[in-house]
Amino acid sequence: MFDTFTYRFLHFRRPTLTPSSLPSLPQGIERFFVDTPGGQIEVLHGKPSKQARHGATPLFFVHGGMGGAWVWLEYLSFFASRGIPCYAVSMRGHGSSWHPSYLRMVYFTTKRMLADDVVAAIKWVQKRHDGREVVYIGHSSGGGLGQYILSAPEFDHVKVKGLVLAGAVPGFGSLGVYINWWRLDPWFSFRMIFHGWHPNSPLSHPVLTRRVFFGEQLPGSYLMKFQQRASRYESFLWPLGMMSRFVKPENLLPRITSLGANKGQGIMVLGGEIDKIMTIPVMEKLANTYRESYTGLAAQKKIEGDDRDGVKKLLGDGGRDTVGQGVRCCYVPGAAHHLQNDVTWEIGAQKLLAFYEQL
C-alpha cells in the first residue's frame, strides 16, 4: 500500500524534446507536426501497408488524460494494414507536442484550449484528404472533448462523419466516474496531499495505473513502458470542466453527417467490459442519452431519421452489443478502461472496423 506513496514517476518540469530524443515509432507509422498559435502539435499517421481505399474517410484518434497519440499505435497499425487512412493527435503537454510549463499546464490550460489543438489537427487532416470529414474516435477525456467540440456554438463549423466514444467521459458529466475512482483507491485524497496536489498522483505508480486502466492479464513489461511514457503532468481544468453536464445532444447530433434515414448509425459507444471507472452502467446511460435525443429530434423532423427505430441485439464477442436509434453500443471482453491497449484490444478494433464500414 505505502509503496504507492512515491515521487519516482512524478515530474514538475517539461521534457526536453529534440529531433534525436523523440520516441521511435513502429514500422509504418510516421510523425508530423502541425503549427498552432501556441506551438507545434504532434500527429501520427498510419501509412497504409496496402493500396489505400479510394476516397476513404480518415479515422482521427484523440487520447485522454495523461496519454498521447502513442496510445493509439496498435489501432493505427491495425487500420493502416487494411488501407484505411488514420491519424492520432497529441494535444499540448502530451506526447511529442509542445509542453507548457507545469503551472501553466496544470492550472491555466482549459478544455477550450485543448479543443483548439484538436480542431487544428482535424483541419490539417481534412486538407490532406480533399476536405473529407473524419470519423472522430475519442478515448476517455478525449471522447468528452469530442462531444464538447460538436456541441459548442464556437465550433459550429466542425462536422464529422461519425463519432466513436471509447470509454469516454459522458456528456452528462463525470462526477460519478470520479466517485468510482475514489472507491477503487481509498488513499486517493491522502496521496494527493502527499504529492502536493500533483495531477498525476492517482496514477503515480504502476500498481495504481493497472488498477484503474488495465486488467490483470496485461504484461508487466507493457505496463512499465506505458507508465514511463505517460504525460509528465496534466491539466486540472480539463476534467473539472466536464464534471457536470457540458453537452447538449440536440446540438451535437445534427453535426454528425452519417446520421439519418437509410444511413448508418452515426455514433458508437465502445466500452471495456471490465472498466472500473467508465463502467457498463455509465456507458449504457451515455448510449441511451443519444438514443433518446435521436428519437426526439427525428420525431420533430430536426434530423433525418426514423423515430420508430428500435434497439436490437447485435452479434459480437461478449454478447452485450446493441444497435439502433442512431447509436451502436459495443463492449470489449477482457478489456478495462484503456481498451485500445489492453490485451484484447484487437476485438475492439474489429468492432470499430464494423462500425466504420456501415457509415
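Helix H3 (residues 111-128) and helix H4 (residues 141-151) have axes that come within 10 Å and cross at roughly 85 degrees. Keep in mind that this is a predicted model.

**H3 against H4**
- Angles from 65 to 115 degrees count as roughly perpendicular, and H3 and H4 are therefore roughly perpendicular to each other.
- On the H3 side, the contact is made by Lys 111, Arg 112, Leu 114, Ala 115, Val 118 and Val 119.
- H4 brings Leu 145, Tyr 148 and Ile 149 to the contact.
- Sorted by class, the contact of H3 with H4 has 7 nonpolar residues, 2 charged ones and no polar ones.

**Salt bridges**
- The whole structure holds 9 salt bridges.
- Asp 116 and Arg 112 are separated by about one helical turn, because they sit 4 residues apart in helix H3.
- Arg 112 also turns up among the H3 residues that make the contact with H4.

**H7 against H8**
- Helix H7 (residues 206-213) packs with helix H8 (residues 220-229) at an angle of about 100 degrees, and their axes are 10 Å apart.
- So this pair, H7 and H8, is roughly perpendicular too.
- H7 puts in Pro 206, Thr 209, Arg 210 and Phe 213, while H8 puts in Gly 220, Leu 223, Met 224, Phe 226 and Gln 227.
- By class, the contact of H7 with H8 has 5 nonpolar, 3 polar and 1 charged residues.

**Nonpolar surface patch**
- Leu 103, Tyr 107, Phe 108, Ile 193 and Trp 197 make a nonpolar surface patch of about 580 Å².
- Helix H2 (residues 102-108) gives the most to the patch, with 3 residues.
- Tyr 107, one of the patch residues, is found in helix H2.

How values were computed:
Residues numbered from 1 in each chain as written. Predicted model: local features only at pLDDT ≥ 70, side-chain atom pairs only at ≥ 80, totals over all residues. Heavy atoms only, no water. Axes fitted to C-alpha atoms, helices over the stretch in contact; angles between N-to-C directions. Helix = DSSP H or I, 4+ residues; strand = E, 2+ residues; numbered from the N terminus. Parallel < 35°, antiparallel > 145°, perpendicular 65-115°, else oblique. Contact = heavy atoms within 4.5 Å. Nonpolar A, V, L, I, M, F, W, Y, C, P; charged D, E, K, R; others polar. Patch = residues over 30% accessible without salt bridge, like charges linked within 9 Å, V, L, I, M, F, W, Y side chains within 5 Å. Areas by Shrake-Rupley, 256 points an atom, 1.4 Å probe, with all protein chains shown as cover. Salt bridge = Lys/Arg side-chain N within 4 Å of Asp/Glu carboxyl O.
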